[in-house]
Amino acid sequence: QVQLVESGGGLVQAGGSLRLSCAASGSIFSLNTMGWFRRAPGKQRELVATITSRSSTTYVDSVKGRFNISRDNAQNTVYLQMNSLKPEDTAVYYCRFQVLSTTTVTFKDYWGQGTQVTVSS
């Protein structure tokens with residue numbers, strides 16, 4: 001009923017930039033908090049950044065000052081602008097939306113398919 005499609009990953013040299021996008025479609029009534037997570041090889045999934053419906057943001061310490069999360073409510077899309085990338089940012093990045101669909105009465109989490117970000121040194 002609700003689909004999330006990510007784009008924007010790729011290979012970049014250290015110090016470079018990438019912009020991830022995640023767009024939701026389907027039976028959407030309302031979107032609450034949106035977030036980006038990542039999972040590096042051999043590590044647990046990590047919350048990278050969140051943005052609430054009022055555009056209040058949070059970041060994990062390791063990306064503060066380098067990453068910026070934003071949202072376009074009209075397009076049901078969340079973005080992650082990643083600057084000054086480091087090799088340790090290499091991971092699969094996933095978006096997560098809290099969605100109230102037209103067929104439910106509570107918010108439910110939906111996940112994107114993941115997009116690979118590789119930062120070379």
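Me: Which residues does isoleucine 69 touch, leaving aside those up to four places away in sequence?
Reply: Isoleucine 69 touches Met34, Gly35, Trp36, Ala49, Thr50, Ile51, Thr57, Tyr59, Val78, Tyr79 and Leu80. Contact means heavy atoms within 4.5 Å. This is a predicted model, in which local features need pLDDT of at least 70 and side-chain atom pairs count only at pLDDT 80 or more, while totals for chains, interfaces and linings use all residues. Residues are numbered from 1 along each chain as its sequence is written, and side-chain values use heavy atoms, with hydrogens and water left out.

Me: Where is isoleucine 69 found?
Reply: Isoleucine 69 is found in strand β7. Strands (E, at least two residues) are DSSP runs, numbered from the N terminus.

Me: Is isoleucine 69 buried or exposed?
Reply: Isoleucine 69 counts as buried, at 3% relative accessibility. Buried means under 20% relative accessible area, exposed over 50%, and partly exposed in between (1.4 Å probe, protein chains only).

Me: What about the largest nonpolar core: how many residues does it have?
Reply: The largest nonpolar core has 31 residues, and those with the most contacts inside it are Trp36, Val78, Leu80, Met82, Tyr93 and Phe97. The largest share of this core, 5 residues, comes from β9. A nonpolar core is a set of buried Ala, Val, Leu, Ile, Met, Phe, Trp, Tyr and Cys residues joined through side-chain atoms within 4.5 Å.

Me: Changing topic, how many salt bridges does the structure hold?
Reply: The structure holds 5 salt bridges. A salt bridge is a side-chain nitrogen of Lys or Arg within 4 Å of a carboxyl oxygen of Asp or Glu.

Me: Which residue forms a salt bridge with arginine 38 at 2.7 Å?
Reply: That partner is glutamate 46, with the closest N and O atoms 2.7 Å apart. Arginine 38 counts as buried at 7% relative accessibility, whereas glutamate 46 is partly exposed at 27%.

Me: And what does aspartate 89 pair with?
Reply: Aspartate 89 forms a salt bridge with arginine 38, the closest N and O atoms being 3.0 Å apart. This pair links distant parts of the chain, with aspartate 89 in the loop between β8 and β9 and arginine 38 in strand β4, 51 residues apart. The side chains of aspartate 89 and arginine 66 also meet in a salt bridge (2.7 Å, N to O).

Me: Which residues do the shared partners join into one network?
Reply: Salt bridges that share partners join Arg38, Glu46, Arg66 and Asp89 into one network.

Key: Helices (H or I, at least four residues) and strands (E, at least two) are DSSP runs, numbered from the N terminus.
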